[in-house]
Amino acid sequence: MQSDQRRLYSDLAWVWPIVSPKENYVEDAEEFCQAVWGYSQLEAKEILHLGCGGGHLDFTLKKYFAVTGVDVSDEMLALARQLNPEVDYQSGDMRSVRLDKTFDAVLIADSIGYMLTVDDLRATFTTAYVHLKPGGIFYTYAEEVTGRFRQNRTGYDTGSAGSVDVAFIENRYDPDPSDTTYEMVFVYLIRHGGHLTVETDRHLGGVFPLEIWLDTLKEVGFAVRLTEDGIVPVTFVCVKQI
Ligand SMILES: C[S@@+](CC[C@H](N)C(=O)[O-])C[C@H]1O[C@@H](n2cnc3c(N)ncnc32)[C@H](O)[C@@H]1O
């Protein structure tokens with residue numbers, strides 16, 4: 001078995017703004033804002049975004065909140081700092097980071113899928129809990145749920161920047177549905193002034209039953225106010241009770 005490469009967040013991080021531009025994140029950011037304004041018992045001013053990546057969500061969130069972003073990738077943090085100089089970005093792992101500060105809301109978006117075990121999930125929810133003020137909201141979602149995984153799902157994005165054209169293909173496959181991981185294989189067709197190079201990349205993602213998400217959130221201390229249960233993703237709006 002090949003390793004979890006995550007080239008998209010290291011040597012190929014420069015591709016991120018080209019194939020996944022910030023404009024694609026406005027709707028997701030607004031949904032988070034609506035949840036905070038709808039469910040929080042606090043007047044939300046300061047938020048913590050764990051797994052903030054290249055800062056594309058933060059680009060919208062910073063209009064409404066003072067944002068602190070945490071990510072494990074220095075390359076993604078460099079992109080985020082360039083895009084959002086006014087945001088406080090810090091290096092850290094969402095399972096273990098401790099900032100010695102509490103926030104009015106905590107967000108974990110499309111990075112929670114990198115939690116591969118129930119222990120990872122529990123540790124991450126605990127990070128969210130200890131950084132949240134009582135009455136505040138923790139918002140996250142499960143991109144994949146056991147029993148709803150679409151085997152061999154394949155999608156693509158394309159983008160250009162100057163003389164660089166990129167086509168990005170993503171394939172999701174679960175070789176062993178009895179465990180809690182699946183694989184994402186990415187293929188990048190990169191043309192510099194028309195000259196083609198092909199790169200490949202492999203990430204592991206986590207897939208858990210819905211009950212595991214709910215039980216683990218409750219175990220950590222959250223009251224789950226809303227479970228928006230489409231097929232996937234499944235959104236969780238949780239409160240740290242006063
Ligand atoms: C899809 S990107 C997030 C993009 C982000 N939504 C944006 O607005 O640009 C996923 C991010 O999760 C981060 N990540 C993965 N595991 C992590 C961990 N254990 N702790 C913190 N960040 C993590 C990766 O480094 C990557 O930047």
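Predicted model: local features only at pLDDT ≥ 70, side-chain atom pairs only at ≥ 80, totals over all residues.

Reply: Two residues are taken to be in contact if their C-beta atoms, placed from the backbone, lie within 7 Å.

Ala-105 belongs to the largest nonpolar core, which has 61 residues. Ala-105, Val-106, Ile-47 and Ile-137 are the residues with the most contacts inside this core. Strand 5 (residues 132-142) supplies the largest share of the core, namely six residues. Domain 1 (7-145 + 208-239) and domain 2 (153-206) both give residues to the core, so the core lies between them. In soluble globular proteins, nonpolar side chains tend to be buried together.

The protein chain is divided into domain 1 (7-145 + 208-239) and domain 2 (153-206), and their C-alpha centres lie 23 Å apart. Contact between them involves 16 residues of domain 1 and 17 residues of domain 2. On the side of domain 1 that touches domain 2, the residues divide into 10 nonpolar, three polar and three charged.

Helix 5 (residues 118-130) has 13 residues, and from its first C-alpha to its last it reaches 18 Å, close to the 18 Å expected at 1.5 Å a residue. Its buried residues are Leu-121, Thr-124, Phe-125, Thr-127 and Ala-128. These cover an arc of only 150° around the axis, which puts them on the same side of helix 5. The buried residues of helix 5 pack against strand 1 (46-50), strand 4 (103-108), strand 5 and helix 6 (210-220).

In helix 6, the residues Trp-213, Leu-217 and Val-220 are buried. Seen down the axis, the buried residues of helix 6 fall within an arc of 70°, so they line one face of the helix. What covers these residues includes helix 5, strand 5, strand 10 (223-229) and strand 11 (234-239). The face of helix 6 turned away from the buried side carries the exposed residues Glu-211 and Glu-219. Just after helix 6, Gly-221 takes a positive phi of about 125°.

The loop between strand 5 and strand 6 (153-161) holds Glu-144. Is Glu-144 buried or exposed, or something in between? Glu-144 has 19 C-beta neighbours inside 10 Å and therefore counts as partly exposed, since a residue is buried if 20 or more other C-beta atoms lie within 10 Å of its own. Not counting residues up to four places away in sequence, Glu-144 touches Gly-113, Phe-149, Tyr-182, Gly-205, Val-207 and Val-232. Glu-144 and Trp-14 are 130 residues apart in sequence, and their C-alpha atoms are 26 Å apart in space.

Asn-152 also lies in the loop between strand 5 and strand 6. Asn-152 is exposed, with 8 other C-beta atoms within 10 Å. The phi of Asn-152 is near 70°, a positive value in a residue other than glycine. Most residues other than glycine have a negative phi.

Another loop, between strand 3 (88-91) and strand 4, contains Lys-101. Lys-101 is exposed, with 10 other C-beta atoms within 10 Å. Asp-100 counts as exposed with 6 C-beta neighbours inside 10 Å, and Arg-98 counts as exposed with 9. The phi of Asp-100 is near 60°, again a positive value in a residue other than glycine. Lys-101 and Gly-194 are 93 residues apart in sequence and 49 Å apart in space, C-alpha to C-alpha. For Arg-98 and Arg-225, the separation is 127 residues in sequence and 25 Å in space, C-alpha to C-alpha.

To return to the request, the core of 61 residues lies between domain 1 and domain 2, because both give residues to it. Strand 5, the source of the largest share of this core, is among the elements against which the buried residues of helix 5 pack. Strand 5 is also among the elements that cover the buried residues of helix 6.

Notes: Residues numbered from 1 in each chain as written. Core = buried A, V, L, I, M, F, W, Y, C linked by C-beta atoms within 7 Å. Buried ≥ 20, exposed ≤ 12 C-beta atoms within 10 Å, placed from the backbone. Helix = DSSP H or I, 4+ residues; strand = E, 2+ residues; numbered from the N terminus. Domains from an automatic or database assignment. Expected span 1.5 Å × (residues − 1). Arc of directions from axis to C-beta. Nonpolar A, V, L, I, M, F, W, Y, C, P; charged D, E, K, R; others polar.
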